[in-house]
Amino acid sequence: MNFEEYQEVIKTFAVYPRDNELFAISYLALGLNGEAGEVADQVKKAIRNDGQITAQRRAKILEEAGDVLWCITRLAIEFETSLGEIAQANINKLEARRKANDLKHE
């Protein structure tokens, strides 16, 4: 499945307040934060409990990553853009940083 196909399917899974743009965007931003936190929580549990990423933990992390993708996709839909456009904008930003020799992590 590609981004465009996923985005079309996701359009049918919108169950949140959408009568006000700010509420819709707020709901999705808060959801994104919560779902990303669940990914992080699974990694924390791996460190604490297993000392490794087990097959079960990997499955949970990927399941939560799917929820992150849903939130990002719904944000794209609310802003009437595509995941492809968001991805391309990110590439453009990173390319500009690389050209400025500013592509680093601190």
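Here are some notes on this predicted model, taken point by point.

1. Ground rules. Residue numbers run from 1 along each chain as its sequence is written, and side-chain values use heavy atoms, with hydrogens and water left out. Because the model is predicted, local features need pLDDT of at least 70 and side-chain atom pairs count only at pLDDT 80 or more, while totals for chains, interfaces and linings use all residues.

2. Aromatic pairs. The structure holds two of these; rings of Phe, Tyr and Trp (its six-membered ring) pair if their centres lie within 6.5 Å, and planes under 30 degrees apart count as stacked, over 60 as edge-to-face and the rest as tilted. Tyrosine 16 and tyrosine 27 are stacked, at 5.1 Å centre to centre with 10° between the planes. Tyrosine 16 sits in the loop between helix H1 (3-10) and helix H2 (21-50), and tyrosine 27 is in H2, 11 residues apart. Helices here are DSSP runs (H or I, at least four residues), numbered from the N terminus.

3. The other pair. Tyrosine 16 also meets tryptophan 70: the ring centres are 6.1 Å apart and the planes are at 90°, so this one is edge-to-face. Taken together, ring pairs make a cluster of Tyr16, Tyr27 and Trp70.

4. How covered are those rings? Buried means under 20% relative accessible area, exposed over 50%, partly exposed in between (1.4 Å probe, protein chains only). Tyrosine 16 is buried at 10%, and tryptophan 70 is buried too. Tyrosine 27 is partly exposed, at 39%.

5. The core. Tyr16 and Trp70 both belong to the largest nonpolar core, which has 12 residues in all, including Tyr6, Ile10, Leu28 and Leu83. (A nonpolar core is a set of buried Ala, Val, Leu, Ile, Met, Phe, Trp, Tyr and Cys residues joined through side-chain atoms within 4.5 Å.) H1, H2 and H3 are the elements that give two or more residues to this core, and H3 gives the most, with five. In soluble globular proteins, nonpolar side chains tend to be buried together.

6. As for alanine 76, leaving aside neighbours within four places in sequence, its contacts (heavy atoms within 4.5 Å) are Gln7, Thr81, Ser82, Leu83 and Ile86.

7. H4. The same check works for helix H4 (residues 83-99): 17 residues should span 24 Å at 1.5 Å a residue, and the end C-alpha atoms are 24 Å apart, which agrees.

8. Two phi values to look at. Most residues other than glycine have a negative phi. Glutamate 80, in the loop between H3 and H4, has a positive phi near 50° and is exposed at 74% relative accessibility. Just after H4, asparagine 101 takes a positive phi of about 55°, and asparagine 101 is exposed, at 70%.

Technical notes. Expected span 1.5 Å × (residues − 1).
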